[in-house]
Amino acid sequence: MMSLILSHIRITQSSVNSNNPEVTPTKLEKISSDTDRSAVTINSSSKSSSDTSHCPNDTLCTDLPNSCLQCTYNPQCVYGAEINVTCVPKTNVLCHADRLKTAAQNEIRRTMVCRYCYQTERWEHGCEQKGGCNSIDSQYKTNCTVHPELLCMGHRTFMKKIPCNWTQGYRWSTTLILSITIGGFGADRFFLGHWQEGIGKLFSFGGLGVWTLIDVLLISLHYLGPADGSLYI
């Protein structure tokens, strides 16, 4: 009995020592903080697309679109605030300064919102669509790239989770027509893959018409969809 108690005490002490937050987490926190700082330094540099085929040649440098410029950003700016940044033409972009203006007037300055590229709104970047997902409730990781005319800090291409909006070819118009015409025999439910409800609707003659009206309303509101969770076309 005494040996069991002593062994239990040793196990408890070793467990406490292994979970003691003063042993290694301090070093980990220091490493993590150093890593975060270096990440900010790397991401704050201007990394834009090298594609300059769309950029106009032999034009004023101040008239170049944002997609043809490489700007210097300040990562210490306030998120969401409008800031002015200084830009230079990208490599291989040919432009010239206005000789009637001073060097300060020919400096390329743009106004942008202080944020990183991964913080842009959904309509401000495009994402690669993948066909491997098979559930509308799931999400998958893909590469997203901000639009070329948008200025933002960090990498212009980044990873993001987006909803898996997939379809199996079910047309909403076809389903609605089936529900209105022969929905009383469960044709709409059979078409969508709801076999059990379809059988019940068939033998109850559409729930004496009540079930049929309800399904027409649900389908018209896109509330009732395919049984596999896919979307209508």
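This is a predicted model: local features need pLDDT of at least 70, side-chain atom pairs count only at pLDDT 80 or more; totals for chains, interfaces and linings use all residues.
Which residue, with a positive phi, follows H7? Residues are numbered from 1 along each chain as its sequence is written, and side-chain values use heavy atoms, with hydrogens and water left out.

Let us start with the whole chain. Its secondary structure comes to 7 helices and 10 strands. Here helices (H or I, at least four residues) and strands (E, at least two) are DSSP runs, numbered from the N terminus. Of the 233 residues in the protein chain, 29% are buried. Buried means under 20% relative accessible area, exposed means over 50%, and partly exposed lies in between, with a 1.4 Å probe and protein chains only. Contacts, for their part, mean heavy atoms within 4.5 Å. Among the contacts in the protein chain with a separation of 6 or more, 59% are between residues 24 or more positions apart.

Thr86 is a handy landmark: it is the bridge partner in S4 of Thr72, and its own bridge partner in S6 is Arg109. Ile83, in turn, stands opposite Met112 in S6.

A second open sheet of 3 strands has the order S7-S8-S10, with antiparallel pairing. Its edges are strand S7 (125–127) and strand S10 (157–163), each with a single partner strand, so one side of each is left without a neighbour in the sheet. The twist averages 40° from one strand to the next. S7 and S8 pair in the antiparallel sense over 3 bridges, and the bridge partner of His125 in S8 is Val146. Strand S8 (residues 139–146) also holds Tyr140. That tyrosine, Tyr140, is buried, with a relative accessible area of 12%. The C-alpha atoms of Tyr140 and Ile162 are separated by 5.9 Å, although the two residues are 22 apart along the chain.

Two loop residues deserve a look. Most residues other than glycine have a negative phi. Asp58 has a positive phi of about 55° although it is not a glycine. Asp58 lies in the loop between strand S1 (46–47) and strand S2 (59–60), and is exposed, with a relative accessible area of 62%. Asn92 also has a positive phi, near 75°. Asn92 belongs to the loop between S4 and strand S5 (95–96), and is exposed at 67% relative accessible area.

Finally, the helices around H7. In helix H7 (residues 210–220), Thr212, Asp215 and Ile219 are buried. They cover an arc of only 65° around the axis, which puts them on the same side of H7; the arc is that of the directions from the helix axis to the C-beta atoms. The face turned away from the buried side of H7 carries the exposed residues Leu213 and Leu217. The buried residues of H7 pack against helix H3 (172–182), helix H4 (187–192), helix H5 (195–203) and helix H6 (205–208).

What is the packing angle of H5 and H7? The two pack at about 140°, with their axes 10 Å apart. H5 and H7 are therefore oblique to each other, because angles under 35 degrees count as roughly parallel, over 145 as roughly antiparallel, 65 to 115 as roughly perpendicular and the rest as oblique. Glu197, Gly200 and Lys201 of H5 make the contact with Trp211, Thr212 and Asp215 of H7.

As for the opening question, H7 is followed by His222, whose phi is positive, near 60°.

How values were computed:
Two strands pair if DSSP finds at least two bridges between them. Axes are lines fitted to C-alpha atoms, for helices over the stretch in contact, and angles run from 0 to 180 degrees between N-to-C directions.
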